[in-house]
Amino acid sequence: MTGDVWLPIPPEEIEGLPEGPNYLFWDGGEDGTQEYPADPADCVFYVVPYMKPPGIGVRPMPRMTSVRVVQTLSAGTDHVEPGLKDLPPGVHLCNARGVHEASTAELALALILASLRGIPGFVRAQDRGAWQGGFRPALADKNVLIVGYGSIGSAIEDRLAPFEVARVARVARSGRTTARGPVHPLTDLPALLPDADVVVLSTPLTEATRGLVNAGFLARMKDGALLVNVARGAVVDTKALLAELESGRITAALDVTDPEPLPADHPLWHAPGVLVTPHVGGPTSAFRPRAERLLVGQLHRFVNHEPPANVVLTTGTAGA
């Protein structure tokens, strides 16, 4: 298999890449203006730069007339989907399933524990030199609802297991049965929300999930419940969430926001009962080795004319 493969990691740093393709490094640069390493028309396998501002990853796509695979290094693909209309039919869009589960699930647990146990308040008290104790809720004996039960949602439940939670309820686009128990369809959410002490969002951003957490969703959450978002900011209606936070009825821990990045003067920064982290669920020391393993595996499949893994959609087909 010949042709150019564009990688956002220097190819000489990735062990095990198959022979055949011409490997080129391109990560867009800090501002997206980095020159292309070659003619985009010669690229056959494009790995989208990771954690770059919107628009950088899609910039070369209109000129990629020979591309066969577009591989993201993120679990979500919504940031590159606007560029798919410019690609030829038959291009496979693949996500990074298997790369972010450990890091994102770790952060979800960290946000839950920090919020329930009041860690942000203790840090602020430490800054003042104040010994400020108090009674806080534990994660033990709580009912947890995971909305978006894919590989990340499952990894979150793995990490909940030692914490003696009372019950874990699972929701995905469609219902199914797992070894751990049932996964409910999205249509069951209204009945499940009132019992949940902690609601964790780990769903992809789709037309069905955009604005899913609206005023009605939030109103069904029980008093004192915690909303944790490690999915995408636009899954939550920010205005509706602010209204609930200002009332003090629920709390929230958000790794993603809408808008994002969150402007310095945005009221969400200072809303009561909210913990905000700046979209750090994925970029950890766990990312690089898992990303490299994914790329090596995908490229071996590519040069051997085997179907790629993690295909989200194929251009030119129904629903693409």
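Me: Is Lys-52 buried, partly exposed or exposed?
Reply: Lys-52 has a relative accessible area of 23%, so it counts as partly exposed, where buried means under 20% relative accessible area, exposed over 50%, and partly exposed in between (1.4 Å probe, protein chains only). This is a predicted model, in which local features need pLDDT of at least 70 and side-chain atom pairs count only at pLDDT 80 or more, while totals for chains, interfaces and linings use all residues. Residues are numbered from 1 along each chain as its sequence is written, and side-chain values use heavy atoms, with hydrogens and water left out.

Me: Which side chain does Lys-52 meet in a salt bridge?
Reply: Its partner is Glu-30, at 3.9 Å from N to O, a salt bridge being a side-chain nitrogen of Lys or Arg within 4 Å of a carboxyl oxygen of Asp or Glu. Glu-30 lies in the loop between strand 2 (22-25) and strand 3 (43-47), and Lys-52 in the loop between strand 3 and strand 4 (69-71), so the pair ties together parts that are 22 residues apart in sequence. Strands (E, at least two residues) and helices (H or I, at least four) are DSSP runs, numbered from the N terminus. Glu-30 counts as exposed because its relative accessibility is 73%.

Me: What about Asp-39, which side chain does that one meet?
Reply: Asp-39 meets Arg-63 in a salt bridge of 3.8 Å, N to O. Asp-39 sits in the loop between strand 2 and strand 3 and Arg-63 in the loop between strand 3 and strand 4, so this pair ties together parts that are 24 residues apart in sequence.

Me: How many salt bridges turn up in the whole structure?
Reply: The search finds 12, and one of them joins Lys-85 to Asp-86, with the closest N and O atoms 3.8 Å apart.
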